[in-house]
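Colleague: Could you walk me through this model before I set anything up with it? I'd like to go topic by topic.

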Amino acid sequence: MELIARGRDADVYALDESRVLRRYRHRGPTGLESRLMTHLAACGYPVPRVYEITETDMVLERLAGPTMLDVLARRPWRVGSLGRELGHLHDRLHALPAPEWLPKRFGTAGGDRVLHLDLHPGNVILTRRGPVVIDWCNAGAGDPAADVAMTMVTVGSAEVPGFAARLGRGLLLHAIRSGCRTDPAGRMQEVVRVKLDDPNLGLGPEGWTPVRVVIRQASG
């Protein structure tokens, strides 16, 4: 099998022109992840089709197209439209009530909604049928503000060398907020604490600066 992508916890292999194998290096949340993607597909939300699962493997639809992150790198002038599209994807997802079997994360006093909790440009594939959201292993039920805050903090704390890249990151943060109806400010500090406890998060040479930037951006 051809290895076509490698993530923190899983590898993706091409099986044929229409299917890929997502294989966790250790036992993964394949049952819950596949159940959620099937549920979301039935609700009309853009996710890959699920074909088969085991405790470590998922056979998924192979999506043709670049990630949103790839397009941002090649065509930075599209930062505004792509950032707004990412915000719209949040709105579409948060319109869906969470099924009762989805684990609670960042719960609310009212009705919980489906949260992706890792919805950044690297997890959106731009296909001919439109953007498709991948990598649902962190998903949960809870407050949409936490989901948007997680995206803002993830984008804001990414290591991006050079002034132009940092400027582009700021423009992307602004575009995400302008494209999304949910205000993440109320959950921002909580999400920052969660991200700072993540050993895989790198704050880069600016130290705390990206976190300060993203909190200001969310509040403004």
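Colleague: Before the details, what kind of model is it, and what do your values rest on?

Modeller: This is a predicted model, in which local features need pLDDT of at least 70 and side-chain atom pairs count only at pLDDT 80 or more, while totals for chains, interfaces and linings use all residues. Residues are numbered from 1 along each chain as its sequence is written, and side-chain values use heavy atoms, with hydrogens and water left out.

Colleague: OK, the five-stranded sheet first: in what order do the strands come?

Modeller: The order is E1-E2-E3-E5-E4 in an open sheet with antiparallel pairing, where strands are DSSP runs of type E with at least two residues and helices are H or I runs of at least four, numbered from the N terminus. Two strands are taken to pair if DSSP finds at least two bridges between them.

Colleague: Which strands sit at the edges?

Modeller: Those are E1 (2–6) and E4 (50–53), each of which pairs on one side only. Averaged over the sheet, neighbouring strands are turned by 25 degrees against each other, direction ignored; the axes behind that value are lines fitted to C-alpha atoms, for helices over the stretch in contact, and angles in general run from 0 to 180 degrees between N-to-C directions.

Colleague: And how many bridges hold E1 to E2?

Modeller: Four bridges join E1 to E2 (residues 10–14), and the two run antiparallel. Arginine 6 stands opposite aspartate 11 of E2, and Arg6, Asp11 and Arg25 are also linked in a network of salt bridges. Here a salt bridge is a side-chain nitrogen of Lys or Arg within 4 Å of a carboxyl oxygen of Asp or Glu.

Colleague: What about E4 and E5, how many residues lie between them?

Modeller: There are three residues between E4 and E5, which form a hairpin. Three bridges join these antiparallel strands, and in E5 valine 59 is the bridge partner of glutamate 52.

Colleague: Back to salt bridges, how many are there in the whole structure?

Modeller: The search finds 11. One of them joins the side chains of arginine 129 and glutamate 61 at 2.8 Å, N to O. That pair links distant parts of the chain, 68 residues apart, with arginine 129 in the loop between E7 (124–127) and E8 (130–133) and glutamate 61 in E5 (residues 57–61).

Colleague: Is glutamate 61 buried or exposed?

Modeller: Glutamate 61 counts as buried at 18% relative accessibility, given that buried means under 20% relative accessible area, exposed over 50% and partly exposed in between, with a 1.4 Å probe and protein chains only.

Colleague: Which parts does the arginine 181 and aspartate 91 pair tie together?

Modeller: Their side chains meet in a salt bridge at 3.8 Å, N to O. Arginine 181 lies in the loop between H5 (163–178) and H6 and aspartate 91 in H3 (residues 79–94), so the pair ties together parts that are 90 residues apart in sequence. Arginine 181 is exposed at 70%, whereas aspartate 91 is buried at 8%.

Colleague: Let's turn to H6: which of its residues are buried?

Modeller: The buried residues of H6 are Arg187, Met188, Val191, Val192 and Lys195. They cover an arc of only 150 degrees around the axis, which puts them on the same side of H6; the arc is that of the directions from the helix axis to the C-beta atoms. The face turned away from the buried side of H6 carries the exposed residues Gly186 and Arg193.

Colleague: Where do arginine 187 and glutamate 190 lie?

Modeller: Both lie in H6, three residues apart, about one turn of the helix, and their side chains meet in a salt bridge at 2.8 Å, N to O. Arginine 187 is buried at 14%, while glutamate 190 is partly exposed at 28%.

Colleague: Changing topic, how many disulfides are there?

Modeller: The count comes to zero, with a disulfide taken as a pair of cysteine sulfur atoms within 2.5 Å. Cysteine 43 is partly exposed at 39%, and cysteine 180 is buried at 7%.

Colleague: Last one: what is the phi of phenylalanine 106?

Modeller: Phenylalanine 106 has a positive phi of about 55 degrees although it is not a glycine; this residue lies in the loop between H3 and E6 (113–115). Aspartate 135 likewise has a positive phi, of about 60 degrees, without being a glycine, and is found in the loop between E8 and E9 (140–142).
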